[in-house]
Amino acid sequence: MVPDYQQTINRLEEIINNGKAALKSETTRTDPDDRKSTITELNYLKFLPFRVASLNFIERTLGKDSPYLEHFRQHCQSNHRVHVERGVALLEEVNAELRSQWLWSVRGIVASEFYADFLTMADDLLAEGRKDPAAVIGGGVLEEHLRRLCGKHSISTTQVQPDGKIKQRKADALNADLAAANVYDKMMQKIVLSALGIRNEAAHGHFEKYDAQLVATFLAQVTDFIRRVPA
């Protein structure tokens, strides 16, 4: 995955540099319709490969429905300076977008390794007959994953109280907001809600309300949720 990503970024930066090179190829010629006027434009043989490569890159990387593709088509149509400047600016936005998505995927890898350690610890505790600390650890992992997902999808994890203090929002509210934002479907929302039930009982010390089998199911749900909806 890393080589593919790096090759993609390298190719994009190569195209951007070609666009910047085209901006340095400005020439002036006499206007054929008015011999007293001149036309300033960029070298067409530098502009054309830049435009074609840009359109091809955006379509292959972001898809035919990407707004970047339509904007590029509209705003980079000719070898006039302003068109190429707009084209380069759009590609730099694409570059930032791709790097942002990659950053989240890297964070997801780090998070998954972090989660794996704690979930393994919870499984070991459960195997030793210690269902309560296993449930507490699994609950912590579940809530942390929900908060990471909210961060990824620009959903607030805090709220301002009437007295001006900032308070962390409850996990079930985050779950509802994530489902409403189509981060995952209603079925997954119900599974997470069920898992949060065990998490809440463990967090409040209501250990008699669940048994080891429920904790095993709960840990399996948390593991599956993280796998299917990575942050």
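The questions below take the terms one at a time and set each value against its definition.

Reply: This is a predicted model, in which local features need pLDDT of at least 70 and side-chain atom pairs count only at pLDDT 80 or more, while totals for chains, interfaces and linings use all residues. Residues are numbered from 1 along each chain as its sequence is written, and side-chain values use heavy atoms, with hydrogens and water left out.

Me: How many helices and strands does the protein chain have, and what makes a stretch count as one?

Reply: The protein chain has eight helices and four strands. Helices (H or I, at least four residues) and strands (E, at least two) are DSSP runs, numbered from the N terminus. Along the sequence the pattern is α-β-β-α-α-α-α-β-β-α-α-α.

Me: Why is Asn95 called buried?

Reply: Buried means under 20% relative accessible area, exposed over 50%, and partly exposed in between (1.4 Å probe, protein chains only). Asn95 has a relative accessible area of 11%, so it is buried. Asn95 is placed in helix H4. Leaving aside neighbours within four places in sequence, Asn95 is in contact (heavy atoms within 4.5 Å) with Ile9, Leu12, Glu13 and Ile16. In the protein chain of 231 residues, 37% count as buried.

Me: Which class does Thr120 fall into, and why?

Reply: Thr120 has 44% relative accessibility, so it counts as partly exposed. Thr120, too, has its place in helix H4. Between Thr120 and Gly138 there are 9.7 Å in space, C-alpha to C-alpha, and they are 18 residues apart in sequence.

Me: How do you know whether Ser154 and Asn182 are buried or exposed?

Reply: Ser154 has a relative accessible area of 71%, so it is exposed. Asn182 has 67% relative accessibility and therefore counts as exposed. Ser154 lies in the loop between H5 and strand S3 (158-160), and Asn182 in the loop between H6 and H7. Neither is a glycine, yet Ser154 has a positive phi of about 60° and Asn182 a positive phi of about 65°.

Me: What makes a set of residues a nonpolar core, and which residues of the largest one touch the most other members?

Reply: A nonpolar core is a set of buried Ala, Val, Leu, Ile, Met, Phe, Trp, Tyr and Cys residues joined through side-chain atoms within 4.5 Å. The largest has 36 residues, and Leu142, Leu146, Leu149, Leu178, Tyr184 and Phe225 touch the most other members. Two or more residues each come from helix H4 (81-127), helix H5 (131-152), helix H6 (171-180), helix H7 (186-203) and helix H8 (212-228). H5 gives the most, with eight residues. Beyond four places in sequence, Leu146 is in contact with Ala171, Leu178, Tyr184, Val192, Leu196 and Phe225. Another core lies apart from this one and has 23 residues, among them Ile16, Ile58, Cys76 and Leu98.

Me: Why are H2 and H3 called roughly antiparallel?

Reply: Axes are lines fitted to C-alpha atoms, for helices over the stretch in contact, and angles run from 0 to 180 degrees between N-to-C directions. Angles under 35 degrees count as roughly parallel, over 145 as roughly antiparallel, 65 to 115 as roughly perpendicular and the rest as oblique. Helix H2 (residues 44-62) and helix H3 (residues 67-75) pack at about 165°, with axes 9 Å apart. H2 and H3 are therefore roughly antiparallel. In this contact, Phe50, Arg51, Ser54, Leu55, Ile58, Glu59 and Leu62 of H2 meet Tyr68, Leu69, Phe72 and Arg73 of H3.

Me: What is the relation of H6 to H7, and what is that of H7 to H8?

Reply: The axes of H6 and H7 come within 10 Å and cross at roughly 175°. This angle therefore makes H6 roughly antiparallel to H7. Residues of H6 in the contact are Ala171, Asp172, Asn175, Ala176 and Ala179, which meet Gln189, Val192, Leu193 and Leu196 of H7. H7 and H8 pack at an angle of about 135°, with their axes 10 Å apart. H7 is therefore oblique to H8.
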